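Trainee: Please take one part of this chain and go through it closely. I would like the residues, their contacts and their setting.

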Amino acid sequence: MTEIDAKIDALVPAWLTLPDIAEQLGVEVTRVRQLVKEGQLIAVRRGENRALHVPAAFIDGDKVVKGLSGTLTLLRDDGFTDEEMLEWLFTPDESLPGTPAQALGENRGTEVKRRAQALAV
């Protein structure tokens, strides 16, 4: 969990707090914290009270966006920090089109993972 900088904060269109995510997923907040700890979600401290927030694009209704966990693992294995992962996921990529986060939300995870794997080369 990192402190968010203004550049990343501007890239991510919407954020959710951990209690908001817990409510959407129908789980306890401790389970959401566990998802963050396991690397299945990225949480950053932002706002006046420095509460933990997760990009809203990572949650699809009552579940974590399909393919997100695997993509985060690939990026982490490539040596990306949480901030670098957020920047990559929310920066437009003309070859997708849109951002990798949007592509994951549209069930185009294979394309996103292919690009993430190419970063390691």
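**The stretch around helix H6**

Mentor: Thr 99 is buried, with a relative accessible area of 10%. The model is a predicted one. Thr 99 sits in the loop between helix H5 (82-90) and H6. Which residues does Thr 99 touch, leaving aside its neighbours within four places in sequence? They are Leu 89, Phe 90, Thr 91, Pro 92 and Asp 93.

Pro 97 belongs to the loop between H5 and H6 as well. The peptide bond between Leu 96 and Pro 97 is cis, with omega at about -20°. Most peptide bonds are trans.

Next comes the helix. H6 spans residues 100-105 and holds Ala 103. Is Ala 103 buried or exposed? Ala 103 is buried, at a relative accessible area of 0%. The cut-off for buried is under 20%, so both Thr 99 at 10% and Ala 103 at 0% fall within it. Not counting residues up to four places away in sequence, Ala 103 touches Leu 96, Arg 108, Gly 109 and Val 112. Leu 96 is also one partner in the cis bond to Pro 97. For a sense of distance, take Gln 34: Ala 103 is 69 residues from Gln 34 in sequence, and their C-alpha atoms are 25 Å apart.

Beyond H6 the chain reaches Asn 107, in the loop between H6 and H7. Asn 107 is not a glycine, yet its phi is positive, at about 60°. Most residues other than glycine have a negative phi. Asn 107 counts as exposed, at 52% relative accessibility. Arg 50 also has a positive phi, near 55°, and is not a glycine. Arg 50 lies in the loop between strand S3 (44-46) and strand S4 (51-55). Its relative accessible area is 41%, which makes Arg 50 partly exposed.

Now H7. Val 112, a contact of Ala 103, also takes part in the packing of H7 on H4. Helix H4 (residues 68-77) and helix H7 (residues 109-119) have their axes 9 Å apart, at an angle of about 10°. H4 and H7 are therefore roughly parallel to each other. From H4 come Gly 70, Thr 71, Leu 74 and Leu 75. From H7 come Val 112, Lys 113, Ala 116, Gln 117 and Leu 119. By class, this contact of H4 with H7 has five nonpolar, three polar and one charged residues.

Helix H2 (residues 18-25) and helix H3 (residues 29-37) pack at about 105°, with axes 8 Å apart. H2 and H3 are therefore roughly perpendicular to each other. In H2, the contact uses Leu 18, Pro 19, Ile 21, Ala 22 and Leu 25. In H3, it uses Val 29, Val 32, Arg 33 and Leu 35. The contact of H2 with H3 has eight nonpolar residues, no polar ones and one charged.

Last, the whole chain. The protein chain has seven helices and six strands. Their order from the N terminus is β-α-β-α-α-β-β-β-β-α-α-α-α. The radius of gyration is 14 Å, close to the 14 Å of the globule rule for 121 residues, so the chain is as compact as a globular protein of that length. Its C-alpha atoms fill a box of roughly 35 × 30 × 25 Å along the principal axes. Of the 121 residues, 37% count as buried, and Thr 99 and Ala 103 are buried residues. Among contacts between residues at least 6 apart in sequence, 57% join residues at least 24 apart.

Note on methods
Residues numbered from 1 in each chain as written. Predicted model: local features only at pLDDT ≥ 70, side-chain atom pairs only at ≥ 80, totals over all residues. Heavy atoms only, no water. Axes fitted to C-alpha atoms, helices over the stretch in contact; angles between N-to-C directions. Helix = DSSP H or I, 4+ residues; strand = E, 2+ residues; numbered from the N terminus. Parallel < 35°, antiparallel > 145°, perpendicular 65-115°, else oblique. Contact = heavy atoms within 4.5 Å. Nonpolar A, V, L, I, M, F, W, Y, C, P; charged D, E, K, R; others polar. Rg over C-alpha atoms; globule rule 2.2 N^0.38 Å. Buried < 20%, exposed > 50% of the residue type's maximum accessible area, 1.4 Å probe, protein only.
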